[in-house]
Amino acid sequence: MVDLAASYVAGKWVSSGSAEQMDVTSPTTGKVLGTVGIAGSDEVDAAVAAARGALRSWGRTSPADRGAALGRLADALTARKSELADLATAEIGSPRSWSTFGQVITAAGVLRAYATITPGHPFSSSRPSMTGGSVEVRQLPVGVVGAIVPWNTPLFIAALKLGPALAAGCTVVLKPAPDAPLGFGVLMEAIEEAAIPDGVVNLVNGGAATGEMLTEHPGVDKVSFTGSTAVGAKIAASCGSRIRRCSTELGGKSAAIVLPDASLTETVTGLVSGVMGNNGQLCAALTRILLPRSRYSEFVDALTTAVADLTVGDPADRSTDIGPLINEAARNRVEGFLQRARAEGATVATGGERPEGTGWFVTPALVEATNDMEIAREEVFGPVAVVIAYDDDGDDVSEAVTIANDSRYGLVGAVWSADEERAASVAAQLHVGSVAVNSTAVLDFASPFGGFKQSGIGREGGPEGITGFIEYQAIIR
């Protein structure tokens, strides 16, 4: 059992006397894994005040020292990777074979990238003035950041926010999702081990009410949110009404285009991992697989076999490929999508069943559909791959590009081909934030990550991520 207080403020776990508690349960067994306090207005006020109090000194710390602190935090997380991976498997249901890299090493990788980027970032630069003299352009921290983190890859997303925010000289109040707060106890210990000053990183636990208190708090200068498009829209509207800075990383319905010359074996292996990682509960999952009609049956047969062969079971078992969904509502949502897909005329080639036993499991599914169907347009957030045929005429794959771009989302994409240059040329035509060529690596730790259209506003990762946490000041001489 893990027990956490309602908030972590200025280096200490604290709860007010009125703080309620919530249980954190295993999606595999339904058993209680721990209890967490629910932060109310007192805790949120204290956390924001602590961040405000630490802002001046942290913002004046040299970029080299801020980068070194992020490197130490990466080292501290790496030293605890087994503990953190075990917690992710327990509270989220991430397969243990996936959780070490997908939940921990990725987080450390982002922080190490910022440890390298921060010392050389141009926080101050000079240029000639158009009226004579010179202009000094300074990049100053935007201030106190309220960072809302989802449950599916909490440590990784926390790193995507902490890295650029701390690099810029901001201080942070984190708000984990109520389904997956336990790993943040270890994260706070790692922050202490990294000798990051008290008050630079604070935390409040709770649900939607706590998140609303944080995003609407007058002491917060910027909100950084990762989660659903619906909630992101509400937060963006709230920030807009207050002229408050805001960045959002939201949903996705990303397409993987298979060109006619793609290798069957290598492409199928990549496609399955691109959809089914973390039980399909990834915003960057490549859930729409676009197949050329000339090879459609060949690829569908191979994908059906590969998906059906995935092992569903206890996520703590390293042989397991697919663990449970996060909760009952998530499973009901996935099953509802599949039921409506059948009603629209889609074919479920395999999967979509409930295995016997406890836990919120659904077997991984492959669905043959068209791009106008709901299951091809909305984010399912589960182990469901949708295959869509496109007409290919020699070198003309324009219909595939059209289908891929026909979405209200624009987070990531992928292109598979025996000709890497051709794949890169097709990738450049996709209206998405990042595209992988012959892989599922849609994120590079030192590059920007974020989406077009309703997949969000702003970028996290790379030098571009820092600019989202700064204000520009021009001193004209």
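In the predicted model described here, Gly37 belongs to strand β5, which spans residues 32-37, strands being DSSP runs of E with at least two residues and helices runs of H or I with at least four, both numbered from the N terminus. Residues are numbered from 1 along each chain as its sequence is written. Because the model is predicted, local features need pLDDT of at least 70 and side-chain atom pairs count only at pLDDT 80 or more, while totals for chains, interfaces and linings use all residues; side-chain values use heavy atoms, with hydrogens and water left out.

Gly37 is buried, having a relative accessible area of 4%, where buried means under 20% relative accessible area with a 1.4 Å probe and protein chains only. Leaving aside residues up to four places away in sequence, Gly37 touches Leu4, Ala5, Ala6, Glu20, Gln21, Asn205 and Gly206, contact being defined as heavy atoms within 4.5 Å. The C-alpha atom of Gly37 is separated by 9.1 Å from that of Val14, which is 23 residues apart from Gly37 along the chain.

Helix α6 (residues 183-193) has eight of its 11 residues buried, so this helix is largely enclosed by the rest of the structure. Among the buried residues of α6 are Phe184, Leu187, Met188 and Ile191, and just after α6 Ala195 adopts a positive phi of about 60°.

The axes of helix α3 (residues 81-92) and helix α4 (residues 96-117) come within 9 Å and cross at roughly 115°, the axes being lines fitted to C-alpha atoms over the stretch in contact and the angles running from 0 to 180 degrees between N-to-C directions. The contact involves residues including Leu84, Ala88 and Ile92 of α3 and Thr100, Gln103 and Val104 of α4.

How values were computed: Buried < 20%, exposed > 50% of the residue type's maximum accessible area, 1.4 Å probe, protein only.
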